[in-house]
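User: I would like to learn how to read salt bridges and helix packing in a model. Please take the general idea first and then the case at hand.

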Amino acid sequence: MTKADRRAAIGAEVVRLIGKVRTRRHLSKNRVAQMTGLNQSTVSRLENHPDNPTFDSLLRVADALEINLGTVIKKAIENVEKCQPKK
């Protein structure tokens, strides 16, 4: 896996984990948009096309969901590394 592939995988995993929290809390994307000040299409794009989310958008959503973005990133890295073959 290239460094770019690894970054993309971690980014996608961060977004997946955040989306999982949103779903578990029964919050719609529209409600999260209201809570964050982002528009609904931005929140939707963040979850559906997590290729390059902005740090600001991630922070806003994490703050709205009252989760620690650093913890989410750490968990995402762990999850991606678990899927990688050992060298």
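Analyst: A salt bridge is a side-chain nitrogen of Lys or Arg within 4 Å of a carboxyl oxygen of Asp or Glu. Arg 60 forms one with Asp 56, where the closest N and O atoms are 2.9 Å apart. This is a predicted model, in which local features need pLDDT of at least 70 and side-chain atom pairs count only at pLDDT 80 or more, while totals for chains, interfaces and linings use all residues. Residues are numbered from 1 along each chain as its sequence is written, and side-chain values use heavy atoms, with hydrogens and water left out.

User: How many salt bridges does the structure hold?

Analyst: There are four salt bridges. Among them is the pair of Arg 60 and Asp 56.

User: Where do Arg 60 and Asp 56 sit in helix α4?

Analyst: Helices (H or I, at least four residues) and strands (E, at least two) are DSSP runs, numbered from the N terminus. Helix α4 covers residues 55-65, and Arg 60 and Asp 56 are four residues apart in it, so about one helical turn separates them.

User: Which residue forms a salt bridge with Arg 22?

Analyst: Arg 22 pairs with Glu 47, the closest N and O atoms being 2.6 Å apart. This pair links distant parts of the chain, with Arg 22 in helix α1 and Glu 47 in helix α3 (residues 40-48), 25 residues apart. Arg 22 has 10% relative accessibility and therefore counts as buried, whereas Glu 47, at 21%, is partly exposed.

User: What does Arg 22 touch, not counting residues up to four places away in sequence?

Analyst: Contact means heavy atoms within 4.5 Å. With those sequence neighbours left out, Arg 22 touches Leu 27, Ser 28, Lys 29, Val 32, Glu 47 and Leu 65.

User: Which residue forms a salt bridge with Arg 6?

Analyst: Arg 6 bridges to Glu 81, with 2.9 Å between the closest N and O atoms. The two are 75 residues apart and link distant parts of the chain: Arg 6 is in helix α1 (residues 3-24) and Glu 81 in helix α5 (residues 69-82). Arg 6 is partly exposed at 35% relative accessibility, as is Glu 81 at 40%.

User: At roughly what angle do the axes of α1 and α5 cross?

Analyst: Axes are lines fitted to C-alpha atoms, for helices over the stretch in contact, and angles run from 0 to 180 degrees between N-to-C directions. The axes of α1 and α5 come within 8 Å and cross at roughly 125 degrees. Angles under 35 degrees count as roughly parallel, over 145 as roughly antiparallel, 65 to 115 as roughly perpendicular and the rest as oblique. That makes α1 oblique to α5.

User: What about α2 and α4?

Analyst: The axes of helix α2 (residues 29-36) and α4 come within 9 Å and cross at roughly 100 degrees, so these helices are roughly perpendicular to each other. Val 32, Met 35 and Thr 36 of α2 make the contact with Arg 60, Val 61, Ala 64 and Leu 65 of α4.

Conventions: Buried < 20%, exposed > 50% of the residue type's maximum accessible area, 1.4 Å probe, protein only.
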